[in-house]
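Visitor: Could you take me closely through the place where the ligand sits, and what surrounds it there?

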Amino acid sequence: MIPYGRQDISEDDLRAVEAVLKSDFLTQGPVVPAFERAVADWCGAAHGVAVNSATSALHVACMALGLGPGDVLWTVPNTFVASANCAIYCGGTVDFVDIDPVRFTMCPKALAAKLKAAAAAGRLPKIIVPVHLCGQSADMAAIGTLARTYGVKVIEDASHAIGATYLGQPIGDCRYSDICVFSFHPVKIITTAEGGLATTQDAGLARAMELARSHGITREADEMTHAPDGPWYYQQVTLGYNYRMTEMQAALGLSQMTRLPSMVARRAELAARYHRLLADLPLTVPVQAPDTASSWHLYVVQVDPARHRAVFEGLRAQGIGVNLHYIPVHTQPYYAAMGFTPGMFPVSEGYYARAISIPLYFGLTDAAQDQVVAALRQVL
Ligand SMILES: *Cc1c(COP(=O)(O)O)cnc(C)c1O
């Protein structure tokens, strides 16, 4: 089976993890801060907060922005469930904004209309979460302008998009957002096995996320309610979790970061090759907006909805590990029980009816890619 995505582990990665295993610290040592610095510097962000998954990063980001009971978070339906669940963790509720029919990311027009209606009804969301689908940035200038106009916070779900750029600048610099979240799950661009990281330009938000990832405990005297009892002293000043990243994970991530440009370059090369090889087939290849350079996390083709399932099954039967990103979140039973129904977000639902993610990852050889193309040609 040729998978739709997979990690690439080098000898240097192995040595970096081994060095940590032989060191004094398996967790809470010097490598996590070094990894945070490396990612933040890459993005041009002042702060990076590493955690054990992007799901945790979304949660601590919502906590830092003060989402709580009575508050609403808006995201897109065509995302992984974690983009929405983070609001529920905080006692908030979720609503959705449909995607645009070109880049399939949060539609600024739909957002503008929904914000206008919500403002009139006195029910503005506290946070919106655009998702950089497949590694292509959402239209952040438009989204950021709307958010500022209505006083709404923005978390970018950039789980797909480390190494991508928007208007020539790296995703993660938070020019149009408060916080940007990356995932390092093995199918994503770089990996730490499990892992995530939130970037921000705001020191207060970074500190709030640090507290949230580690029990709400501080050892900083100026954050305590009184002078420390002694050198052993710490205080729990808020409620937090254990969402810490380990030193082994950070070592893997730090080593992988050195290869980020080559990883994204190879993905872009494979994507360009797919564009060429698939040009004459009855399917739609992904379109890149001129203001973005995708990290090419996924290569999603769209086929005739009437043949969608047959094409998907035909590819799987030929050993091509295709996948589908995403089942619209509002149609999941958990969200349907909140009153969401099919038909509410037609662009996302239409995309779901046509989309197939075909294999794309750093280690995919030209020969294996040719096999994918031959299988698609045969099935179609
Ligand atoms: C992978 C992913 C997540 C969750 O990432 P984890 O690191 O597995 O928690 C969240 N949002 C999107 C869009 C993703 O693709």
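Guide: The ligand sits in the second largest pocket, a pocket being, on a 1 Å grid over the protein atoms alone, an open set of points with protein on both sides within 12 Å along at least five of seven lines, and a molecule sits in one if more than half of its atoms lie within 2 Å of its grid points. This is a predicted model, in which local features need pLDDT of at least 70, side-chain atom pairs count only at pLDDT 80 or more, and totals for chains, interfaces and linings use all residues. Residues are numbered from 1 along each chain as its sequence is written, and side-chain values use heavy atoms, with hydrogens and water left out.

The shell around the ligand draws two or more residues from each of helix H3 (54–64) and helix H4 (82–89), helices being DSSP runs (H or I, at least four residues) numbered from the N terminus. In total 15 residues surround the ligand, with Thr55, Asp157, His160, Ser183 and Lys188 the closest, where a residue counts if one of its heavy atoms lies within 4 Å. Of the 380 Å² of accessible area that the ligand has on its own, the protein covers 93%, as computed by the Shrake-Rupley method with a 1.4 Å probe.

Conventions: 1 Å grid on protein atoms, 1.4 Å probe; cavity = no way out; pocket = protein on both sides within 12 Å on 5 of 7 lines; lining within 4 Å.
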